[in-house]
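Have the structure open as you read.

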Amino acid sequence: MVAAALVATAAGAQGAVRTERPAPGPVPGHAPLDTSLRTSAADAHPARMTLPAPTGPHQVGTASLHLVDHRRHDPWVTGQAHRELMVSVRYPAQEDAGRYPLAPQMLPGEAAGFDALNSFSKYVPQGKVDWGATRTHAHQGAPVARHRGRLPVVLYSPGAGDPRSLGSTLCDELASRGYVVVSIDHTYEAAGVEFPDGRVARSVMPAEMERAEKAGRMTELLKKVSGVRVADTRFVLDELTKVGRSSPLPAGLRGALDLKAIGMFGQSAGGFTAAQTMHDDRRIKAAVNMDGVMGYTQRDDDPSNPSTVGLDGVDRPLLLMGKEGDTHHTVASWGAVWGHSSGWHRDLTLGRSTHASYTDAESLIPQIARRLDLRRKEVIKMIGSIDPGRAVAAQRAYVPAFFDRWLRGRDSGLFDGPSDRYPEVRFVR
């Protein structure tokens, strides 16, 4: 599913060239940073969407962090001295958080990049959706809620080519339930990453895919993508452990994180990243993989080129959540992790779902479909035939319940077996 997402990204790039004047290419030896992406190519009345509000007891606050890893040269571009990342931190906020503005799901440069390069381009034409108009339910700069003890932490990694903001619904939900949630953009893989000074780092994945396919080195590219993602995540973990003035966190969160209660989740390549990082780094105590292959292969049923998490498994809790048809019996890398893991593990299927059902697309695509008059079969191709509200409700039940159990010691019993409240969720034995 990592390779499939990269292929979709490359296809989206080819489609974009046909419908919009190509952006100037990067200067050899320099990073492809382009402020022209700050201007959307959308038409005069593009579709606008909303996201479902979180259900937890807290208001949600958020802050964006620009992090620079001075120990690493950027692995994707030559001449880039250091690896730069953008991350979002969500947290439970005080009751008066409504005085602070709601954060956009995507900044202008990120929205323009996503409009030009996304996996929905086969059905959603470029320029027809105002991706930058959607607001999250997180209030920018709102004060941190008063709390007893320290707050558990959950990291989020998006799918290949996707922005960190495409998981906003679950990130807002977890923050509303008392978690500090840190979502990571993987620079030069995501369609567009906008920095505070206005620079926009565009994805290099279409060119990387083309070179890898011509050279027969796709396995090597997939290994590099995974390795960069894990290194990004471990660097972010290092930043979270800093104290005092060296901490990049907002003042109200410094010293407030429970660094012994850190979990991670992600969709597609982000799910692989979560599991692989837990394998590599003992600081991750529990992980959720949402429909992400955990090997370096272009076919789900291909057992060749396994990852180390596949070869070794994990000794801490791992939750697999698959689309219809994806289980540890059908996805070879899942079977490998399942068979080698000594820690608690479960495999759940979200019935009638697709790969993108584990992203905000489950809420956004139906709204886009109504505005653009898309056919039902096109919508099903993108997000499955499951009722979108039920898909979101199931994810907002099982993902927080998993972290509650393993980071907070609060067992709801939801993982003991199938629940009448969520008949869409099947337990795979």
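For the angles that follow, axes are lines fitted to C-alpha atoms, for helices over the stretch in contact, and angles run from 0 to 180 degrees between N-to-C directions. Please keep in mind that this is a predicted model.

Start with helix α9 (residues 361-372) and helix α10 (residues 376-383), whose axes lie 10 Å apart at an angle of about 165°. Angles over 145 degrees count as roughly antiparallel, and α9 and α10 are therefore roughly antiparallel to each other. Their crossing is right-handed. On the α9 side, the contact is made by Ala361, Glu362, Ile365, Pro366 and Ala369, while α10 brings Val379, Met382 and Ile383. Sorted by class, this contact has 7 nonpolar residues, 1 charged residue and no polar ones.

Now compare another pair, helix α3 (residues 168-176) and helix α11 (residues 388-408), with axes that come within 10 Å and cross at roughly 50°. That angle makes α3 oblique to α11. Here too the crossing is right-handed. Thr169, Leu170, Glu173 and Leu174 of α3 meet a set of α11 residues that includes Arg396 and Phe403. The contact of α3 with α11 divides into 6 nonpolar, 2 polar and 2 charged residues.

Finally, look inside. The largest nonpolar core has 58 residues, and Leu155, Val180, Val182, Val236 and Leu253 have the most contacts within it. Helix α5 (residues 218-240) supplies the largest share of this core, 9 residues. To see one of these residues in its setting, pick Leu253: among the residues it touches are Val89, Tyr91 and Val180. A second, separate core of 36 residues includes Ala286, Leu319, Tyr358 and Ala391.

Note on methods. Residues are numbered from 1 along each chain as its sequence is written. This is a predicted model: local features need pLDDT of at least 70, side-chain atom pairs count only at pLDDT 80 or more; totals for chains, interfaces and linings use all residues. Side-chain values use heavy atoms; hydrogens and water are left out. Helices (H or I, at least four residues) and strands (E, at least two) are DSSP runs, numbered from the N terminus. Angles under 35 degrees count as roughly parallel, over 145 as roughly antiparallel, 65 to 115 as roughly perpendicular and the rest as oblique. A crossing is left-handed if the near helix is turned anticlockwise from the far one by less than a right angle, and right-handed if clockwise. Contact means heavy atoms within 4.5 Å. Ala, Val, Leu, Ile, Met, Phe, Trp, Tyr, Cys and Pro count as nonpolar, Asp, Glu, Lys and Arg as charged, and the others, Gly among them, as polar. A nonpolar core is a set of buried Ala, Val, Leu, Ile, Met, Phe, Trp, Tyr and Cys residues joined through side-chain atoms within 4.5 Å. Buried means under 20% relative accessible area, exposed over 50%, partly exposed in between (1.4 Å probe, protein chains only). Lists of a residue's contacts leave out its neighbours within four places in sequence.
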